Amino acid sequence: MGSGVVRRAYDLLLRPEASVIVVSVALVVYFDIANSNFLTTANLQTVSQFVAAPVIIACGEIMLLICREIDLSVGQVFALAPFLMENVNDLGVPEPLAIVAALAVCALIGLVIGLITIGLRVPSFITTLGMLFLITGLTLTISRGYPANTAGGPTLTDIMGAWSYSEIVWALAIVAVMHIVLRHTRWGLHTIAIGGNIVAAGEAGIAINRIKIGNFVLTSTLGGLTGLLEAFRVGSIDPLAGGSNIMFLGVASGVIGGTAIAGGAGTIIGGLVGGIMLGVMQDGFTLQGINAFTFDIIIGAAILIAMIANIHLARMRGGGPR
Amino acid sequence: MSGAKTEAIRAEKLVKSFGNVTALNGVSMAVSRGETLGILGDNGAGKSTLIKILTGYHQPDAGQIFVDGEPVRFGSVDDARAHGIECVYQDLALVNGLSIYHNMFLKRELLWGGPLRLLNHRAMRRRAMEALAEIGVAVSSVDLEVGALSGGQRQAIAVARAVSTDARILLLDEPLAAMGAREARLIIDLIDRLKARGDIAIVMIAHNYAQTLEICDRVILIQHGEVTFESPAGATSAEELLDIVRREYRAARAG
């Protein structure tokens, strides 16, 4: 009985999320000692805003990575969505409906990515690399390269990101839903099975194409939603917002949190924890007043170390190389 | 027909060609419930083609299959499954990163009632344990990832999954390939217990003559797409089978 508890604790510590939580807590302690402004309400609010967007993006990318796909264009959908909303709104459509319409177009983009990838057998890395440039051009054309202001009543803007904590509330709600989808629905189980052994998944009769395309649609939609939330928070729309930077932060959050790039394994909670670690570092080092160039070196090194640690912890868990 | 035993599946004069290569040239075979048939033969003799026709993966050019005495035509793997035919392939079709019970219920998951259709992990766990216990496969926990199991255990899980679908005809493709003596024993005992149940007909493809004769009630030898020898396991020996194959090999070299 006693050894069982020890064993369980040991297993828990070897989980990828656990090591990231330990590092995050250590970082928080360090930043609190180094800077008295770190653990203040105002700063925690800032941290939550750093964390929210990559975490929502990560929820989509984790599903795709698990079934051995990736979406490089999600940051461009992020930038496009607010302009879609504004353009539809300018046609006289009420703002809430314009939001729905913008998300529907984002979903459609995901569907196109999925159909090209599955139907024409183009690796998703290539499909979404093409979409990355295509959507950037589309956004610049629609916006004529100029930023715009968000419209909508105060309640709507508050819900959609203007209230200080609304973005993190959205992020946590999406994390909760996606955790259930991944762990407690057939969709999630089949996504893992496809990434783990696509031949076995096919022989079992799993609808591989449907699930992969569905995860592309999900990722693009979440990318669009994140773009809308950020636009309402900032109060203005920038055609060059998001981009590859937010996409890589999302992917990094997932991978730091234990999602296998080779597919077949990963957790949504891990993505949340990974996103928190990146957000804490981003905010903490900014407070420290570290030079922007040094900052990128630190973030890059931290991502590398976290990923190396994960690969080796996975081996120690007895799962073998993955 | 072998007395009181009921015939489960019978194939008559199956012919199958791929381009101008004749893989099967009039192969006939039959298995009864509670009986284990071993199919022996060299690589390329036509064993795999035969199995793939029985599972509905390939369609024969000529010949007829009967299940429970009724003529059937399998257009797909699902057709064959609907007739109670399950095959455990060499690649085992297991997902390493998933637990034993998830693998056993893949695509046949048990759900909680209600509109959310959430997975009922508890029921799947319990049923998986029951199914494994029923055929005498011991694992410490059904939560273990399949990737952490030995080759024999994985094979046992794959067989248990096939049997738990109410399969009446079980096809095993090289079930003892690349397995140590202790691992092989696990599978041989499992096959014996399934045979003892009396309601399942087992067809297994194998290379190892001695092992096959130990496990099976009856063996057939396929060479160049034809059945060249058939015998109850007790009435032949590995030496006799080897002799037939050797003679054939010499004749082929001389010709």
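Within chain B, B:V15 has B:A62 of β4(B) as its bridge partner. The model is predicted, so local features need pLDDT of at least 70 and side-chain atom pairs count only at pLDDT 80 or more, while totals for chains, interfaces and linings use all residues. Residues are numbered from 1 along each chain as its sequence is written, and chains are lettered from A and ligands numbered from 1 in the order in which they are written.

Strand β1 (residues 7-18) and strand β4 (residues 62-67) of chain B run antiparallel and are joined by 5 bridges. Strands (E, at least two residues) and helices (H or I, at least four) are DSSP runs, numbered from the N terminus; two strands pair if DSSP finds at least two bridges between them. The open sheet of chain B has 4 strands in the order β2-β1-β4-β5, with antiparallel pairing. Because β2 (21-32) and β5 (70-72) of chain B are at the edges with a single partner strand each, one side of each is left without a neighbour in the sheet.

Across β1 and β2 of chain B lies helix α1 (residues 47-54) of chain B, running at about 120 degrees to β1(B). Axes are lines fitted to C-alpha atoms, for helices over the stretch in contact, and angles run from 0 to 180 degrees between N-to-C directions. Residues are in contact if their C-beta atoms, placed from the backbone, lie within 7 Å.

The contact between the chains takes 19 residues from chain A and 17 residues from chain B. On the side of chain A that touches chain B, α9 (186-196), α10 (198-203) and α14 (292-319) of chain A each supply at least two residues; α9(A) gives the most, with 5 residues.

Note on methods. Contact = placed C-beta atoms within 7 Å.
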